[in-house]
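Please read the report below alongside the sequence and the coordinates, moving from the chain as a whole to individual side chains.

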Amino acid sequence: SPSSTWSHKNEEPTPGGCAVPAGGGVVLYGGGLDSTALLIALVQKVPQEALVVLHIDYGQKAALHERAAAKHFCTKYGVELVTLPLPLNEIAESDILRRPRGVKGSGRNLLEGRNAIFAMVAATLAATRGLRSVYLGYHQEPETAPFPDATWRSLSGMAVCMDTCYKHPVQPVAPFASWTRAEILAAAVAADADILTHSHTCYAA
């Protein structure tokens with residue numbers, strides 16, 4: 001069954017102590033393979049009414065495609081979708097961001113602090129809704145990529161920040177922390193092949 005597809009690894013430890021703690025949470029959704037696979041896994045383990053999907057339009061080129069992916073999967077699974085404009089393209093530079101016509105790109109895909117900013121926004125939403133978790137699509141392979149806010153160290157830092165800066169208990173949860181992207185994709189496709197046709201990554205925009 002689809003739910004058994006995830007059972008072999010989804011109990012790996014995370015900063016929260018387990019893969020999917022009780023209490024529901026906010027799914028930080030970017031429209032790509034990782035966050036779509038995360039949503040597919042979560043709806044098999046957590047009641048839909050205990051999940052809120054957060055999609056942020058931060059001025060990325062792929063915003064329309066990502067929003068379409070969010071709407072598709074949230075409608076399909078009956079999960080609430082919250083969309084939030086946060087125009088980082090007005091203060092930051094990255095080739096994944098929209099730019100006025102004629103303005104050259106920065107020559108890099110890195111957007112400083114993106115994951116940390118989004119995790120804290122998601123934590124505020126979770127705390128406001130009385131939810132205890134921020135679900136992130138973090139996995140093994142970012143450790144070798146040049147994104148400082150996509151590492152185990154950064155994930156641990158987010159946990160400390162949420163613990164010290166929020167009165168309501170909220171924590172980052174990364175069910176795929178010990179997975180490779182190939183493992184994530186294989187399990188997701190087995191559970192819902194729509195991930196191949198309806199997810200979208202900002203780096204392909």
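What follows is a description of a predicted model, arranged from the overall fold to selected contacts.

## Overall architecture

The predicted chain holds 7 helices and 5 strands, and from the N terminus on these elements run α-β-α-β-α-β-α-β-α-β-α-α. Of the contacts in the chain with a separation of 6 or more, 78% are accounted for by residues 24 or more positions apart.

Buried residues make up 47% of the 205 residues in the chain. The chain exposes about 9,700 Å², and carbon and sulfur atoms supply 56% of that area.

## Nonpolar cores

In soluble globular proteins, nonpolar side chains tend to be buried together. The largest nonpolar core in this model has 29 residues, of which Val-26, Tyr-58, Val-134 and Met-162 touch the most other members. Strands S1 (25-28) and S2 (51-57), together with helix H4 (114-129) and helix H5, are the elements that give two or more residues to this core, and the largest share, 7 residues, comes from H4.

Not counting residues up to four places away in sequence, Val-26 touches Val-52, Leu-54, Ala-122, Leu-125, Ala-126, Leu-131, Ser-133, Val-134 and Tyr-135.

## Helix H2 and its surroundings

Helix H2 (residues 33-42) is largely enclosed by the rest of the structure, because 9 of its 10 residues are buried. The buried residues are Asp-34, Ser-35, Thr-36, Ala-37, Leu-38, Leu-39, Ile-40, Ala-41 and Leu-42. The elements that the buried residues of H2 pack against are strands S1 (25-28), S2 (51-57) and S4, as well as helices H3 (63-77), H6 (181-191) and H7 (195-198).

## The surroundings of Asp-34

Asp-34 is found in helix H2, and its relative accessible area of 15% is under the 20% limit, so this residue counts as buried. Its side chain makes a polar contact of 3.1 Å with the side chain of His-139, and a further polar contact, of 2.4 Å, joins the side chains of Asp-34 and Arg-181.

When neighbours within four places in sequence are left aside, Asp-34 is in contact with Gly-137, His-139, Phe-176, Arg-181 and Ile-184. Phe-176, one of these residues, is buried.

## Aromatic pairs

A pair of aromatic rings is described by the distance of the centres and the angle of the planes. The count for this model comes to 3 aromatic pairs. One of them is formed by Tyr-138 and Trp-152, a tilted pair with 6.2 Å centre to centre and 50° between the planes. This pair links distant parts of the chain, with Tyr-138 in the loop between strand S4 (133-135) and helix H5 (152-165), and Trp-152 in helix H5, 14 residues apart. Tyr-138 is buried, with a relative accessible area of 11%, whereas Trp-152, at 37% relative accessibility, counts as partly exposed.

Phe-176 and Trp-179 form an aromatic pair that is also tilted, with 5.0 Å centre to centre and 50° between the planes. Both Phe-176 and Trp-179 are buried.

Definitions and conventions:
Residues numbered from 1 in each chain as written. Predicted model: local features only at pLDDT ≥ 70, side-chain atom pairs only at ≥ 80, totals over all residues. Heavy atoms only, no water. Phe/Tyr/Trp six-rings, centres within 6.5 Å; stacked < 30°, edge-to-face > 60°. Helix = DSSP H or I, 4+ residues; strand = E, 2+ residues; numbered from the N terminus. Buried < 20%, exposed > 50% of the residue type's maximum accessible area, 1.4 Å probe, protein only. Contact = heavy atoms within 4.5 Å. Core = buried A, V, L, I, M, F, W, Y, C linked by side-chain atoms within 4.5 Å. Areas by Shrake-Rupley, 256 points an atom, 1.4 Å probe, with all protein chains shown as cover. Polar contact = N/O pair within 3.5 Å; in protein donor to acceptor, adjacent residues only side chain to side chain.
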